[in-house]
Amino acid sequence: MNMQQAIKMTAAETALVDAYTAQIGDLPGDGAVLSVRDTLVHELKTAGLPTRRVESWHYTDLRTLLRAVPAADPSAFAERVEALVSGATVFSVRNGHADFKGNAPEGVTIRSYTDSLLDGSAAAGLAVLGTDDAIGRINGGLVRGGLELSIADGTELEDPLEIQLVQSLGQAHTRFPVSFGANTKATVIERHLSTNAAESLISSVSDITVGEGADITWIILQQQGAADTHLGQIRFDLAADAKLHLFIINAGGKLVRQEIHGKTSGEGADFKLRGINLLGGESHTDVTFTLGHNVPHTTSTEVIRNVVFDRAKGVFQGKILVAKDAQKTDAKMACNTLLLSDDADLSAKPELEIFADDVQCGHGATVADIDHTQLFYLMARGIPENKARAMLVNAFVAEIVEELDDEPLVEALESVISTWLDKHA
Amino acid sequence: MPAVQETIDQVRQIDVDQYKYGFETTIEVEKAPKGLSEDIIRFISAKKNEPEWMLEWRLDAYRRWLTMEEPTWARVNYPKIDFNDLYYYAAPKGTTGPKSLDEVDPEILKVYEKLGIPLKEQEMLAGVQKSKIAVDAVFDSVSVVTTFKEELKKAGVIFMSISEAIREHPDLIKKYLGTVVPTTDNYYATLNSAVFTDGSFVFVPKGVRCPMELSTYFRINEKNTGQFERTLIIAEDNAYVSYLEGCTAPQRDENQLHAAVVELIALDDAEIKYSTVQNWYPGDKDGKGGIYNFVTKRGDCRGKNSKISWTQVETGSAITWKYPSCILRGDGSRGEFYSIAVSNGHQQIDSGTKMIHLGKNTSSRIVSKGIAAGVSENTYRGQVSAHRKAENARNFTQCDSLLIGDKCGAHTVPYIEAKNSTAQFEHEATTSKISEDQLFYCLQRGIPTEAAIALIVNGFVKEVIQELPMEFAVEAQKLIGISLEGSVG
């Protein structure tokens, strides 16, 4: 039997390939970029979207879940929105088109990613992370724009940078290579919004390198519409003594896959992941994380909090790999879930792969309803049940927001959370 | 924290080049021709004097197997197995089934003597053993003897080889065989359903507490043979049985296949305790030879408040692919899995459990400890799931792994799936969270924290292992004593 035989394509697969074919003369890129695109789309055509038989997609059968892909509409218009926190420098990308209004602060160089595609400098970065990297494949094939940021050595930014992705409908595929120089200090907010209830599909890849001794906070706030598909990926590479605090809030979307793939490349690197997934309605949200502790003496902690209402499905897959010589690695991962509906679903797969013998690695995962003793405690003090529940749910997630050492930011995020909870709880 | 010296020494004692059971016995055997075909299955079935329906059952499984593909998801690597290059039936000449002890070939008896398995009832009664243990001895493809059958019969317990049971208790077999692990379950289980040769059958009727430990000892002796064991244990309402199996094989350069299926069925308020000491030949220090152990073990807590508990000490086999599971179907049922898996040399272990919560108020507990040394790979793979209607499902999972040396790998792959909001699942990889109450109790009595933790975690396992009749019990106990110090999640 010929195993190479092409699969029978689903409507979504056909739509993705058609989107590529339709734009083929129009997609930016030099020869090298176009050849990478061709390969990626060809792979998509022959292998199809991943199914649950692909281990990293075990709980998100993209082939079945991705029903149809909306067509891109070049005339669509989306408006710029207010910054999440005042004072932030906003770089706005609307329906896939980057807008350079707003002055970049000192030390920050900004360039259109479309230009990098055109001159070919983006070609190497388009490579997928592995055969199961469906997001990298879709995005690499169809990416049209985005921003390239580079923060000069020693730059310390007082106010956050906000990369704002606003989508009204259709498709958008964007990419954000960002390099933080040595000893930089910055907060970046990557915000995904939709302006209306129309269906849209976006894929977005942020590819960041953190230089020696840099201290970076990166926030991903995903608030897309209830009909939207969000395929997000963030890749990172940490140099010696670099610190990255990655904070992800998912509070929207119908089909969401947020991937986080990183590695530590220098001793003393420290990674912190905090994730809050607020899941309701009929949504399916998958947060998949891999971290390679590749060198000795690096640390990481990951805390994921899921709150699942209605008929929502939540997935967390986390994999920590400790390479052979990465002695003295200290990695701790926790995934806690409040499952608040009998029609909801939560699957967690916290994996460890360890090849070094002098390390400390641990993981914990819990799934439960609200603690009834806590509920009782509050109700005994005269707080009505629904309010007491809301308080406990809020406390469950707010706890990790407070870890952010930036008051306006904490307030802004807390308000996002409480607005969401008011609507769903 | 690296492993402590004491642990390193203990693991070294059971390293692959220390394998004590690698001797080979020359016995005249009768074999089926090499290869696998419908004719071979007819041959096996005829050898076992099986009724027609059993043969059909096997052939169905075989036809399905032909359409299946070998699973590749486990974290194990091995060259492709040529299923046509194996003998599927090998029996000591003249044996067609278990007989009385006097009729058994003295050479075979010597084997069991050498392995430290008590087959002589008198000896056991004479106080050689502390407690009575009934043994079913399976040698290659046949059961050579089953002890204490008469005494068990008086209590109403049926303990015999599965081949005998198919002839003598066809109704029970028809009613239960394949109901927990269907013939279509997975590649190896389907293969097993087609070609299984022997194994044990246990039936404990309503209200009976089995008066002694039951045990089966599996020995592969013949070259190039696969052993396909099939075990079926049924505990009716309010019954209790404790069963243990042990396994060894000679030291050989080529790999041999052991593909077993074990099915447990616990009805209302019944309890089955199943322990395994798996000590198949692990291959030599260069990774040559060893048993491929591809096993499907599953227990079905069919009745309310039933309980199934799996305990395993895994030290042998070149490759282990084994997930003793519990289907918690009955309301209030309970599943337990306690495992110690030690891999040395080039061994590869991918083992764990599945706890499938279906009924209301079901609970399960998983304690797994993996120790990897040499250039081995040790993976814990487990699934805990609560279905929509599994109200108040509870699970506690703890898996620790320990690495000795920097050439081996330890992996943890838990799958946690909750579909009911009243489910409460805890997956722990740290040592600090085991029952605070018990810990407090020990500390209060002056036992230091670490000793207390070891005591508590290992307490469950110890209780079963101390009763093991085999020589191996000594080593097993040492393993249990291994300090938790230096363990990683």
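This is a predicted model: local features need pLDDT of at least 70, side-chain atom pairs count only at pLDDT 80 or more; totals for chains, interfaces and linings use all residues.
**Chain A as a whole**
- Chain A is built with eight helices and 19 strands.
- Of the 425 residues in chain A, 52% are buried.
- Take the contacts in chain A between residues at least 6 apart in sequence: 84% of them join residues at least 24 apart.

**Two domains in chain A**
- Chain A splits into domain 1 (76-371) and domain 2 (372-425), and their centres, over C-alpha atoms, are 24 Å apart.
- Where they touch, domain 1 of chain A puts in 19 residues and domain 2 of chain A puts in 21.
- On the domain 1 side, strands E11 (243-250), E13 (270-279) and E15 (299-308) of chain A each give two or more residues.
- That domain 1 side has 14 nonpolar, two polar and three charged residues.

**A helix pair in chain B**
- Over in chain B, helix H3 (residues 52-66) packs against helix H9 (residues 187-195) at an angle of about 145 degrees, with the axes 7 Å apart.
- The crossing of H3(B) and H9(B) is left-handed.
- H3(B) brings residues including Arg58(B), Tyr62(B) and Trp65(B), which meet a group in H9(B) that includes Thr190(B) and Leu191(B).
- By class, this contact of H3(B) with H9(B) holds five nonpolar, two polar and two charged residues.

How values were computed:
Residues are numbered from 1 along each chain as its sequence is written. Chains are lettered from A and ligands numbered from 1 in the order in which they are written. Helices (H or I, at least four residues) and strands (E, at least two) are DSSP runs, numbered from the N terminus. A residue is buried if 20 or more other C-beta atoms lie within 10 Å of its own, exposed if 12 or fewer, and partly exposed in between; C-beta atoms are placed from the backbone. Two residues are in contact if their C-beta atoms, placed from the backbone, lie within 7 Å. Axes are lines fitted to C-alpha atoms, for helices over the stretch in contact, and angles run from 0 to 180 degrees between N-to-C directions. A crossing is left-handed if the near helix is turned anticlockwise from the far one by less than a right angle, and right-handed if clockwise. Ala, Val, Leu, Ile, Met, Phe, Trp, Tyr, Cys and Pro count as nonpolar, Asp, Glu, Lys and Arg as charged, and the others, Gly among them, as polar. Domain bounds come from an automatic or database domain assignment.
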